[in-house]
Amino acid sequence: MSVLEVQNLQKRFGTLEVLKNIGFSLDKGETAAIIGSSGSGKTTLLRCLNFLEKPDGGRILVDGGVIFDAADPKTQKESEIRKKRLHFGLVFQSFNLFPQYTVLKNVRLASELLARERPDYRKDRKAILDGLGAEARRTLESVGLSDKLDCYPHQLSGGQQQRVAIARALALAPDVLCFDEPTSALDPELTGEVLKVIRELAERRTTMVIVTHEMDFARAVADKVVFMDGGVIVEQGTPEAVLVNPREARTRRFLTRYSGA
């Protein structure tokens with residue numbers, strides 16, 4: 001069974017159709033790379049998955065259960081949106097860290113806020129918070145930042161800040177981890193350290209959707225490549241099929257422009 005199924009997803013801004021019947025699926029442990037020119041709808045797709053934007057049509061399923069159906073108002077209650085977002089961790093282009101908090105606090109904050117809603121929180125507060133702190137430390141260790149726990153964002157490089165953002169998204173154990181061009185705000189010399197972390201996540205079979213302009217990275221890491229243009233999915237398949245032997249003329253034109261050939 002697919003971890004994620006997107007069926008006929010649609011999004012409009014006024015009269016502009018940004019997403020037109022988008023559909024794809026992702027099995028547990030797979031990585032999908034979403035590629036395409038600026039304005040093709042890639043970022044809007046991620047924002048719809050994370051419910052930062054409300055889709056105008058279609059369905060989103062996680063582990064076979066419908067979490068959004070544009071035809072079913074019961075799946076669109078505002079009170080349920082936060083719960084739905086827990087299925088998707090989102091790492092933005094910009095780091096969006098809280099400057100007043102340490103690295104450790106940035107990573108554990110969302111977990112702490114959720115823990116306060118537990119019925120046993122008042123009784124077992126110290127044990128719960130200690131457990132969350134230990135988990136945050138393990139997550140930061142996994143992205144190579146165990147020596148930066150007490151630093152503040154301004155004391156870190158851009159690559160380190162983005163790794164904190166990745167750790168923050170991982171801390172809530174989402175079903176799908178989403179990245180929106182995670183290296184676009186970084187200097188070239190810092191890009192490698194972030195891509196290395198994402199490669200390691202792929203090797204650990206973390207389920208991921210990555211919007212990226214790094215074609216070599218997509219070819220090396222992704223199980224599936226999805227090419228979008230003008231709000232539609234033009235072509236999807238293995239990296240070999242889409243990036244090396246594309247069927248569609250639009251895909252070939254995009255890859256030719258990108259390569260500068």
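Contact here means heavy atoms within 4.5 Å. The model is predicted, with local features needing pLDDT of at least 70, side-chain atom pairs counting only at pLDDT 80 or more, and totals for chains, interfaces and linings using all residues. Residues are numbered from 1 along each chain as its sequence is written, and side-chain values use heavy atoms, leaving out hydrogens and water.

**Exercise 1.** Work out how helix 5 and helix 6 pack.

*Solution.* Helices are DSSP runs of H or I with at least four residues, numbered from the N terminus.

- Step 1: Helix 5 packs against helix 6 (residues 188–203) at about 25°, and their axes lie 8 Å apart; axes are lines fitted to C-alpha atoms over the stretch in contact, with angles from 0 to 180 degrees between N-to-C directions.
- Step 2: Helix 5 is therefore roughly parallel to helix 6, a term for angles under 35 degrees.
- Step 3: From helix 5, Gly-158, Gly-159, Gln-160, Gln-162, Arg-163, Ile-166 and Leu-170 meet Leu-190, Glu-193, Val-194, Val-197, Ile-198 and Leu-201 of helix 6.
- Step 4: Sorted by class, this contact has seven nonpolar, four polar and two charged residues; Gly counts as polar.

**Exercise 2.** Describe the lining of the largest pocket.

*Solution.* A pocket is an open set of points on a 1 Å grid where a 1.4 Å probe fits, with protein on both sides within 12 Å along at least five of seven lines; lining residues have an atom within 4 Å of a point.

- Step 1: Helix 3 gives the largest share of the lining, five residues.
- Step 2: Helix 5 (158–170) is among the elements that each supply at least two lining residues.
- Step 3: The classes are 14 nonpolar, four polar and three charged residues.

Technical notes:
Angles under 35 degrees count as roughly parallel, over 145 as roughly antiparallel, 65 to 115 as roughly perpendicular and the rest as oblique.
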